[in-house]
Amino acid sequence: VAAADGGTTPRDHDGWMWDLTVPGNNDHDFYVQPGATAILVHNENPNSGCGPVFDGVDLRQAAGARSQERYGAISAGARDHVTMAVGTGIDEQGALRTVIGTSEEGGYLRPGVMLNDGEDLATGFGHAERDVLDFMNGNSIDAWVVGATRPICPECAAAIEDSGAEPATPLRGAG
Amino acid sequence: MIGRLSTIAPDLVALLEQQKSEQLRRVAARAANLAIERTHLSEPRIDSALAALHEGRLGFTPERSAVQHLANELDEIAWDAQEKMEAGIGSRQDYSMAFRRARAAASVGFTLDSNALTAAFESVYEAQAAVADLDAVRVIVGSGN
């Protein structure tokens, strides 16, 4: 999937142009076939609730769902104290990577918490979201989305924005 | 799925999987003892749990329940220290020590698991979190053979 080349700035062109109407229930994923190979197009609209798409997967939704799974894996007594973060991004080989972080020392995982095959664990000392971003930065992974099991604090929200990623779960104080 | 110990030391998982039940029990007990020594954790519930382990009273025993309660209490202390640290009114050292003591208590609790392999995996994992010294834990796992 290629990155969209702009799209918000009207351009002047000579020749035929078409207005496209995509049928469906507010669909914004569709294929166009300019040649032999069909290309999946994803129109990302900040107001639509969808996130960046990689290989047909809405990464914001995926990170949000994985964060929810992490929340469910933490024992009830610890949920109000422990934050786990899930970051997804693309590495230098173009592969999708998922990084898990925790607010506890040394990347400590609570009993019963497991990682999926292929997931990386970010170890650090502090906020899980920033540990995830640090890990991704240190391993040349371009961060796309970061979610967490608890509302994302303003400092982590700023770090996510600075990295060029977007939050996959609610921010603290957001209505 | 990747278990907790595999996230930090998959080689130890492989090593433990080859050990017999009595070796696993020995490793779990040594790891827990290392954790309580290094964190200077002294508490009657720890002593009772270790006595139960020595006498072979495993599973969901009162001693195990009591030491798990102790771990929960120590976790609460650690989280309180973490909040103070983040608010700028507490030190990282205070949080770290409280966290490690909670992990040491959890390590003791897991030694009483009725499954020897689970007891070893979980006690060793908690112990390495308590001592932050994976090499020392490696020595203990290696000594099980």
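**Entry 1: the model and the overall fold**

I am working from a predicted model. I started with the secondary structure of chain A and listed three helices and nine strands. I then read the order of elements from the N terminus: β-β-β-β-α-β-β-β-α-β-α-β. Next I looked up burial. Chain A has 175 residues, and 39% of them count as buried. I also checked how far apart in sequence the contacting residues lie. Among contacts in chain A with a separation of 6 or more, 43% join residues 24 or more positions apart.

**Entry 2: the five-stranded sheet**

I traced one open sheet of five strands in chain A. Its order is β7-β6-β5-β8-β9, and the pairing is mixed. Which strands sit at the edges? I found β7 (120-122) and β9 (166-167) of chain A there, each pairing on one side only.

I went through the pairings from the β7 end. Strand β6 (residues 96-102) of chain A runs parallel to β7(A), and three bridges join the two. For a landmark I noted A:Val99, which stands opposite A:Asp120 in β7(A).

I moved on to strand β5 (residues 84-90) of chain A. It pairs with β8(A) in the antiparallel sense, over six bridges. Here A:Ile90 stands opposite A:Asp142 in β8(A).

On to the β9 end. β8(A) and β9(A) run parallel and are joined by two bridges. My landmark for this pair is A:Val146, opposite A:Pro167 in β9(A).

As a reminder to myself, strands of a sheet pair through backbone hydrogen bonds, either parallel or antiparallel.

**Entry 3: burial of strand β8**

Why do I call strand β8 of chain A largely enclosed by the rest of the structure? I counted its buried residues. Strand β8 covers residues 142-148, and five of its seven residues are buried, so the label holds.

**Entry 4: A:Ser67**

Is A:Ser67 buried or exposed? Its relative accessibility is 2%, and the cut-off for buried is under 20%, so A:Ser67 counts as buried.

I then asked what its side chain reaches. The side chain of A:Ser67 comes to 3.4 Å from the backbone nitrogen of A:Ala148. I also listed its contacts, leaving out residues up to four places away in sequence. A:Ser67 touches A:Val86, A:Gly147, A:Ala148, A:Thr149 and A:Thr169.

**Entry 5: the contact with chain B**

I turned to the interface. The contact takes 22 residues from chain A and 22 residues from chain B. The two chains bury about 1,900 Å² between them, with 55% of that on carbon and sulfur atoms. Which residues of chain A lose the most area to chain B? They are A:Glu105, A:Tyr108 and A:Phe125, together 33% of what that side buries.

I checked the charged pairs next. The rule finds two salt bridges across the interface of chain A and chain B. One of them joins A:Glu105 to B:Arg100, with the closest N and O atoms 2.8 Å apart. I counted 13 residue pairs in polar contact between chain A and chain B. By class, the side of chain A that touches chain B has 10 nonpolar, seven polar and five charged residues.

Notes. Residues numbered from 1 in each chain as written. Chains lettered and ligands numbered in written order. Predicted model: local features only at pLDDT ≥ 70, side-chain atom pairs only at ≥ 80, totals over all residues. Heavy atoms only, no water. Contact = heavy atoms within 4.5 Å. Buried area = accessible area lost by both parts, 1.4 Å probe. Salt bridge = Lys/Arg side-chain N within 4 Å of Asp/Glu carboxyl O. Polar contact = N/O pair within 3.5 Å; in protein donor to acceptor, adjacent residues only side chain to side chain. Nonpolar A, V, L, I, M, F, W, Y, C, P; charged D, E, K, R; others polar. Buried < 20%, exposed > 50% of the residue type's maximum accessible area, 1.4 Å probe, protein only. Pairing = 2+ DSSP bridges. Helix = DSSP H or I, 4+ residues; strand = E, 2+ residues; numbered from the N terminus.
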